[in-house]
Amino acid sequence: MLRADGLGAGYPGRKLLQDLSVEFTAGSVWGILGRNGSGKSTLLNLLAGLRGPDRGEVLLEGQPVRSFGRRALAAKVGILFQEETAEFWGSARDYVQLGRHPHAEGAFAWSAADEQIADSELERQHLGALSWRPYASLSGGERQRTRAAALFAQRPRVFLVDEPLQHLDLPHQVLLLERLAAEARAGAVIVMVLHDLVFAGRYCDHFLLLHGDGRFEAGAREQVFDAERLGALYGFPVEPALLGDERLFLPRAGAGPHV
Amino acid sequence: MSRIAVLGLICAIAAAAVVCSIAVGSVPIPAADLWNAVARGESGPVADIVWKLRLPRIGAAFACGGLLALAGTLLQVLLRNPLADPYIFGVSGGAALGVLLAMLFGFGIATQAGFGLAGAIGVALLVFVLGFRGGDWNPYRLLLTGVVIAAGLNAALSLILVLAPQTAVKGMLYWLMGDLAYTGNPLPALMVLAATLAIVLPMGRTLNVLALGRTKALSLGVAVAGLEKILFVVAAVATVAAVLVGGTIGFVGLIVPHLVRLAGLADHRWLLPASVIAGGGLLVIADACARSLWAPLQFPVGVLTALLGVPVLLLLLSGKSHAAR
């Protein structure tokens, strides 16, 4: 459904992505792993068509992503940014409602269906009681859940999520990941930047490892998600552990910072 | 309180302000005489004062306040800066430069207005071209461009005040402080107000999305670059119209949007009309005070809005820091 074709991007004097080609098929959950500043968020912005690559192309359903109209693209591709504005003057409900913008008919009002979707997404993030509280007065985790509710209200087919677990407590981390997994089962593509290796191993079936210098490894979990590759990726020793049938990867205890 | 109730309350206050300010001034008009002049259409000195002096001036005050509040609301969302006000781009400085130059050369009122219009449009165009040039522009560059040009204009204005003959300086200072004493027919300004509101009101929902930030708005399907240019042009037109009516009347454009938001109307579909009515009403009240408190002496309304605006703004800011804690 979404394809990166020979992508190259970076800053003057720094190459982040080089000749990166990956096919993100419907129904898959991709985890993007890498160190700080390795180009993970840059890649999400490229995939969302928010900036143009230096080289290559992003294709959505076979068409260049930059050839879509903004609204048509927003109806198909949703992105949860690492940081979104904290200076929002409206309520949590107002914030979530704006997620319906790409689908809303007419220019001015919201339809009853749009309002109902916003309400139900707030409920699903357990924010029903906080709906009319000013967004700015919510806690960090409640704001993150509001942003997630806005993303789900957008009803995209491609979910690009950048560190979605930040500020969330444990049950809400699981709630969000389970919801994303359910969207994938319903035919969506999930591409998420994660730093939590336990949740990454549990919820992602594909991985893209970005080394920050143009090198990358992409493939199914069995192919690329192992202790050796993760250790090399982070420059920090990672050890496998078995919990029941589940293979976990943990930072080696006592290892100093290998920065 | 529901949003419709807040908007209704703002309308009621503005309407009351208009009615009361007809009655007050250097010649107070008793309610009975007012009724006779307005409702029964009796002619006489009272009717002359009401129809030829007070109402045009009230119309001008309302148009001016509404235009400034509208421009302020648009610029605050365009620049993502709660401290943006209509004069931030130096449009008023450009108008002032034109008017003061015309005063310096001893031209008449009509020529002064022409010079002011040329100065305001010239500066708006300059900021637009410099601020939007290039592919990778952002609101900060626009903001900085405007602020730098405004600073340069201020220096030029000071120079003119120093060079001007003593007799002309007082008139110049009145103009600079914002004054509604010499307004003519308020209809053109009221029409600009109606037209600008009619252009931006249908964009209300899109403006709510833009308030989430440029990138987020882009990801939600807003054609940000085009929208931002429209906002700039509409805000500039509104500011130019307001400056031509009343000179540089400070703080209305800055505080009115904040007051309306504090009253619970943050949604631009409500905020835009409510700000226009509240800004118009506020300036009508301020102008009524300016011409009646020390009657027969009239002082520039811009002084009064600043004296009112500073404490209100300080209160807002201290409240904001409480909320942050």
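**A helix crossing in chain B, and beyond**

A: In this predicted model, the crossing of α1(B) and α3(B) is right-handed. Helix α1 covers residues 3-23 of chain B and α3 covers residues 45-78; their axes come within 10 Å and cross at roughly 140°. On the α1(B) side, the contact is made by Val18(B), Ser21(B) and Ile22(B). From α3(B) come Val50(B), Arg54(B), Leu55(B) and Ile58(B). Sorted by class, the residues of this contact are five nonpolar, one polar and one charged.

Chain B also meets chain A, in a contact that takes 20 residues from chain B and 19 residues from chain A. On the chain B side, the elements that give two or more residues are α9 (204-210) and α10 (214-219). That side divides into nine nonpolar, six polar and five charged residues.

Within chain A, six strands form an open sheet of mixed pairing, ordered β6-β7-β8-β3-β9-β10. Strands β6 (77-80) and β10 (216-220) of chain A stand at the edges with a single partner each, so one side of each has no neighbour in the sheet. From one strand to the next, the twist averages 15°.

Terms used: Residues numbered from 1 in each chain as written. Chains lettered and ligands numbered in written order. Predicted model: local features only at pLDDT ≥ 70, side-chain atom pairs only at ≥ 80, totals over all residues. Pairing = 2+ DSSP bridges. Helix = DSSP H or I, 4+ residues; strand = E, 2+ residues; numbered from the N terminus. Axes fitted to C-alpha atoms, helices over the stretch in contact; angles between N-to-C directions. Contact = placed C-beta atoms within 7 Å. Nonpolar A, V, L, I, M, F, W, Y, C, P; charged D, E, K, R; others polar. Left-handed = near helix turned anticlockwise from the far one by under 90°.
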